[in-house]
Amino acid sequence: MDIHSLTYFKKVAELQHITRASEELHVAQPSLSRTISRLEKELGVQLFERSGKNIILNSYGEILLKHTNRILQELKDIDQEIGDAAGERSRTVTLSLYAASKLLPELVMAFKHEYPSIRLQIIQEDLTKNQPDGCDLTLFSSMQPCTQDHSASLIEEEILLALPESNPLSKRENLNLSEVAGEEFICLQQGKSLRTITDTFCKIAGFEPSVVLESDSPETVRELIRAGIGISFIPSITWQGMGTENIVLVPISFPQCRRYINLSWRAQGYLSPAAILFRDFVQDYFKTFQK
């Protein structure tokens, strides 16, 4: 086993297709097949189950892939850690973003003001997709505080109902969520974390929301509520400053509608000094919203 063989194996294992793997690796298909055969001969087991042109990673292959990922990550970490030790001034921190995107511009501006030499790469992800490999940190939301290692809950925020002033229910001090079961909702797209959370609250209240429109833009949501098109769920902190003229925000008495904004960081592999700086900065930044 050598690095090239393991790299080739990883690509075949990910794609489970020799032809596509050979195209992405820019190697001849027969050469790639021989590499996989040599690995299997050396290990004394088959790594894939073959059915015509299709191949499927078996349990032996899964074991090798687990260790291969670790080995290749370690090699990547060597290069990165040596670069940091040599005092590279231009460094990159990658952040996978699932929540609180409205707060991101001010957060980034504040961080860049203090650390102008650190480059931030922001990847906005849909929850239906897998988290990209190699991201240093992930910002996400959940219904419960985060208790896992290598993570922290940053803030707890109430989720409110936003209604146009013309809606009779806007005069109420609070509302049981079941009381708006017959209303039309303006929601985020399915798969977004806030949508998943609010759909769950509606289910607890005994109904499925009638969604008249889906939008990822807080500004669009605001204007549609104001126009009387529907009502919506509004996070009280991360969507603050959205503008509420002719819109009334009403607390929900039941169920208790709250969510947590969390930060996690890479559990395995090397976390650069730049990533650690950004992690600590984000935690301190969000503390200001709890005051």
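Mentor: Start with Pro255, in the loop between strand 12 (252-254) and strand 13 (258-265). Strands (E, at least two residues) and helices (H or I, at least four) are DSSP runs, numbered from the N terminus. The model is predicted: local features need pLDDT of at least 70, side-chain atom pairs count only at pLDDT 80 or more, and totals for chains, interfaces and linings use all residues. Residues are numbered from 1 along each chain as its sequence is written, and side-chain values use heavy atoms, with hydrogens and water left out.

Trainee: What kind of peptide bond joins Phe254 and Pro255?

Mentor: A cis one, with omega at about -10°. Most peptide bonds are trans.

Trainee: Is Ala100 buried or exposed?

Mentor: Ala100 counts as buried, at 9% relative accessibility. Buried is under 20% relative accessible area, exposed over 50%, partly exposed in between (1.4 Å probe, protein chains only).

Trainee: New topic. Which residues of helix 2 are buried?

Mentor: In helix 2 (residues 18-25), they are Ile18, Ala21, Ser22 and Leu25. They share one side of the helix because they cover an arc of only 100° around the axis. That arc is taken from the directions from the helix axis to the C-beta atoms.

Trainee: And what comes just after helix 2?

Mentor: His26, with a positive phi of about 60°.
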